[in-house]
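Biologist: Could you walk me through this one? I would like to hear what stands behind each label.

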Amino acid sequence: MTCDAARGLLPLFAGGDLTEGRLEEVRGHLTSCADCARELERFGEARALLEELRDDAVLPKREVRRMWTTVRGEIPLLRVPRRLRLLATLRYAAIALVGLSVGFSATTLSARLLAPTADPAAPVALTPTQVPIQPTDIPGGAERPDRGMVQPATEQPGAAPVVRNPSGVITVTKLPVYEKSNAQLQAELNALRQKNTEMEQRLQQLERALKAKSE
Amino acid sequence: MAASPDSETSRPLQALTTRREVDRDEKDVIRRCQTGDEPAFRTLFDRYQRRGYAVSYNILNDGELAKDVVQEAFVRVFKNIHKFDASKNFYTWLYQIVVNLSIDFLRKRSSTKAAPLDELGEGVKHSGRSRSGGGPADSVARDDTKRRVREVLDALPGRYKVVLALRDIEGFSCEEISEIVHCKNSTVRWRIHQARKLFRAVWNGDGAKLEDYLDEEDGDDL
């Protein structure tokens, strides 16, 4: 092989892009020609300069995320897998529970703040007596049939107001907040707090389940 | 195909040990994309965005434009993923779009920007390479060398820039490049041959003339 022929092939030889037959020919020539070997070295150097640019162009993660957001926004009809749909449902359920819990607490608190400050030491009958009361026993009972609640005739200051509901069972829970004594409200508040605690525990369970699923 | 589709890629791909596993995984990901599965799209994006960006950046020498190109390429690919034949290489399809979009940008830019090769050759004449050493001065010198290499690369005709970016910088095989640029293998090798000669001549400030490196096949600058 002549030097001219060999030099014509050196650009490809430098990058290992020659076919097997020509590769051997050039290799044979290079072992006996120092000038061509130097020429090859220069091609090798130029190629190495380009190789140094590899891994030079890398976007920061922030930019990659931004690019993905743009690309994603352009793709129509993406389907969310069933597993993620379930997680989304659980997430909404947890949010709804939190909302209910907050609403419940707020209602309880406002009721407590609106309650009249009666004598805290006054005796209060909190449990239903299960004793039916005749309308005749309660003056003014007939005047308020729509509300299903009346004040007892023997009501003392601070005593528990009694109510007869449609089934005839006496209870104190249907009175307006401002008609209840502090002790009554306290008892109801305790009950609500307990219920609230239960709901919060349930909420935590759901959140833990959600977290475990997403991991 | 000689080279792996992407060596950097995402962790799930790295965990796959053989080429066959990579292919099987990729086909599965593409099938899921074809059913509209969002995480599968994300997987493909994570796997190929870096190299797509690098290819475009090496052709355009402009980070913002390269970002636009990669975004647009992924959007086109994902919108047409249902038409993709899973028996073919996904990455050559993607990089083909990246290269075509980059060339479109080059065409737009070439009307406003022209760098004479001989002038550039004088400007980048260098005093040897600075590979060894790890001190701040070496780092500065290395960055300067890279900048000048990019200047020379940027001044080459588009078709030469493309093959150098794909072959010498990103390490694609000639077969892969012929798929990406839609040319015969022999044409690709000829372009690589001419591109290396031209790059070396400009880098050494040999007063290279572009006409000497264009022939009938290269009648169109790009």
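Biologist: Why is B:H182 called exposed?

Modeller: A residue is exposed if 12 or fewer other C-beta atoms, placed from the backbone, lie within 10 Å of its own, buried at 20 or more, and partly exposed in between. B:H182 has 11 within 10 Å, so exposed is the word for it. Please keep in mind that this is a predicted model: local features need pLDDT of at least 70, side-chain atom pairs count only at pLDDT 80 or more, and totals for chains, interfaces and linings use all residues. Residues are numbered from 1 along each chain as its sequence is written, while chains are lettered from A and ligands numbered from 1 in the order in which they are written.

Biologist: Where is B:H182 found?

Modeller: In the loop between α9 (174–180) and α10 of chain B; helices are DSSP runs of H or I with at least four residues, numbered from the N terminus.

Biologist: What makes a set of residues a nonpolar core?

Modeller: Its members are buried Ala, Val, Leu, Ile, Met, Phe, Trp, Tyr and Cys residues joined through C-beta atoms within 7 Å. The largest such core here has 72 residues, and B:L94 is one of those with the most contacts inside it. Helix α3 (residues 38–60) of chain B gives the largest share, eleven residues.

Biologist: Which residues does B:L94 touch?

Modeller: Leaving out residues up to four places away in sequence, B:L94 touches B:Y48, B:G52, B:A73 and B:V77. Contact means C-beta atoms within 7 Å.

Conventions:
Helix = DSSP H or I, 4+ residues; strand = E, 2+ residues; numbered from the N terminus. Contact = placed C-beta atoms within 7 Å.
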